[in-house]
Amino acid sequence: MPMYFYPNSGGIVQLPSEPGGPLNALTDQYQKAYWRSPAAEFIASKRLGHIWLRGCSTREWFRLGYVAKPARGHAAYAGKLVIPYSRALPNGRDTVAFRFACVTPQCTHKGNAPVTGPPMKYPKLFNDDYYERSPVTVCFNEIDTMTAFMHGVPAIGIPTVEGWQDDFVPRLAASQLVRLVVPHNDAGAAAAVTDRIREAVPSAVVVDCPDGHDLNSAYCAGIAGALVDQCRV
Ligand SMILES: [Zn+2]
């Protein structure tokens with residue numbers, strides 16, 4: 001297994017896939033099943049279906065897919081949106097992990113998280129090519145991250161509030177100014193994690209979503225403009 005250097009991770013770490021490895025082939029397979037799938041409808045319902053950044057759609061930027069035929073170990077994720085966690089390589093992108101989002105309209109997820117996945121071998125933030133940027137914007141889930149990013153904000157994502165790990169602190173501390181886009185639709189769960197982050201990352205400032213909203217729902221309601229502008233500065 002090859003060794004890769006991850007800046008600010010504390011040194012050399014081993015990653016579970018290599019260029020052209022099995023997770024990349026699987027990413028391609030899931031991407032091919034995306035067209036006209038419930039996953040595509042879900043992304044459209046988040047108003048991310050017809051938005052382009054530098055000529056690429058949300059689907060293309062994030063290599064989104066759909067689990068039509070689950071691969072081994074993915075049976076639990078059949079019918080979900082595939083969100084690859086990847087990193088940049090000189091010749092493309094390398095998928096290192098997957099997360100899967102429930103796409104059932106109005107689903108309450110029966111106590112399950114809306115986004116799930118196999119445990120990651122290494123703590124990984126979503127879209128984290130940008131974590132050394134300053135200022136950097138940090139969102140609390142993948143959909144909010146995509147929403148900010150597609151509006152030109154260098155945004156990285158915590159894999160939902162439940163996925164927060166203190167191991168992420170050194171990555172966030174690498175930036176001189178960290179903006180935390182804090183959702184207010186989760187009974188205070190994100191706010192509690194925000195307090196922990198702000199204790200560990202002094203450069204973190206809070207950008208509050210409107211009451212009852214996360215960034216994407218505010219965007220869908222047409223009230224996210226000022227919030228997004230604040231993150232662009
Ligand atoms: Zn669900």
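Start at N127, which is buried, since 22 other C-beta atoms lie within 10 Å. By buried I mean that 20 or more other C-beta atoms lie within 10 Å of the residue's own; exposed means 12 or fewer, partly exposed is in between, and C-beta atoms are placed from the backbone. N127 sits in the loop between β8 (115–116) and β9. Its phi is near 60 degrees, a positive value in a residue other than glycine.

Two notes on the source. This is a predicted model, where local features need pLDDT of at least 70 and side-chain atom pairs count only at pLDDT 80 or more, while totals for chains, interfaces and linings use all residues. Residues are numbered from 1 along each chain as its sequence is written. As for element names, helices (H or I, at least four residues) and strands (E, at least two) are DSSP runs, numbered from the N terminus.

A187 also has a positive phi, about 55 degrees, although it is not a glycine. The loop here is the one between β11 and α6. Is A187 buried or exposed? A187 counts as exposed, with 8 C-beta neighbours inside 10 Å.

Now the domains. The assignment for the protein chain gives domain 1 (3–116) and domain 2 (128–232); the bounds come from an automatic or database domain assignment. The C-alpha centres of domain 1 and domain 2 are 20 Å apart. Their contact takes 16 residues from domain 1 and 18 residues from domain 2, where two residues are in contact if their C-beta atoms, placed from the backbone, lie within 7 Å. On the side of domain 1 that touches domain 2, α3 (58–62) and β6 each supply at least two residues. The largest share of that side, three residues, comes from β6.

Next, the sheet with antiparallel pairing. This is an open sheet of four strands in the order β5-β6-β7-β8; two strands pair if DSSP finds at least two bridges between them. The edge strands β5 and β8 each pair on one side only. Strand β5 (residues 65–66) is joined to strand β6 (residues 81–89) by two bridges, and G65 has V82 as its bridge partner in β6. How many bridges join β6 to strand β7 (residues 92–101)? Nine, and the two strands run antiparallel. They form a hairpin with two residues between them. Along this pair, S86 has T95 as its bridge partner, and P84 stands opposite F98. Helix α1 (residues 22–32) lies across β5, β6 and β7, at about 60 degrees to β7. For these angles, axes are lines fitted to C-alpha atoms, for helices over the stretch in contact, and values run from 0 to 180 degrees between N-to-C directions.

On to the sheet with parallel pairing. Here too there are four strands in an open sheet, in the order β10-β9-β11-β12. β10 (155–157) and β12 stand at the edges with a single partner strand each, so one side of each has no neighbour in the sheet. From one strand to the next the twist averages 30 degrees. β9 and β11 run parallel and are joined by four bridges, with V181 in β11 as the bridge partner of C139. α4 packs on this sheet, touching β9, β10 and β11, and its direction makes about 175 degrees with that of β10. Helix α6 (residues 189–200) packs on the sheet as well, touching β11 and β12, with its direction at about 165 degrees to that of β11.

Then helix α8 (residues 225–232), where L227, V228 and C231 are buried. Why are they on the same side of α8? Because they cover an arc of only 95 degrees around the axis, the arc being that of the directions from the helix axis to the C-beta atoms. The face turned away from the buried side carries the exposed residues G225, A226, D229 and R232. The buried residues of α8 pack against β9 (136–139), α4 (142–150), β11 (178–182), β12 (204–208) and α7 (215–220).

Last, the largest nonpolar core. A nonpolar core is a set of buried Ala, Val, Leu, Ile, Met, Phe, Trp, Tyr and Cys residues joined through C-beta atoms within 7 Å. Of the 59 residues in the largest one, L81, V82, F100, V138, A148, V181 and L215 touch the most other members. This core draws at least three residues from each of domain 1 and domain 2. Not counting residues up to four places away in sequence, V138 touches I156, I158, L172, V178, R179, L180 and V181.
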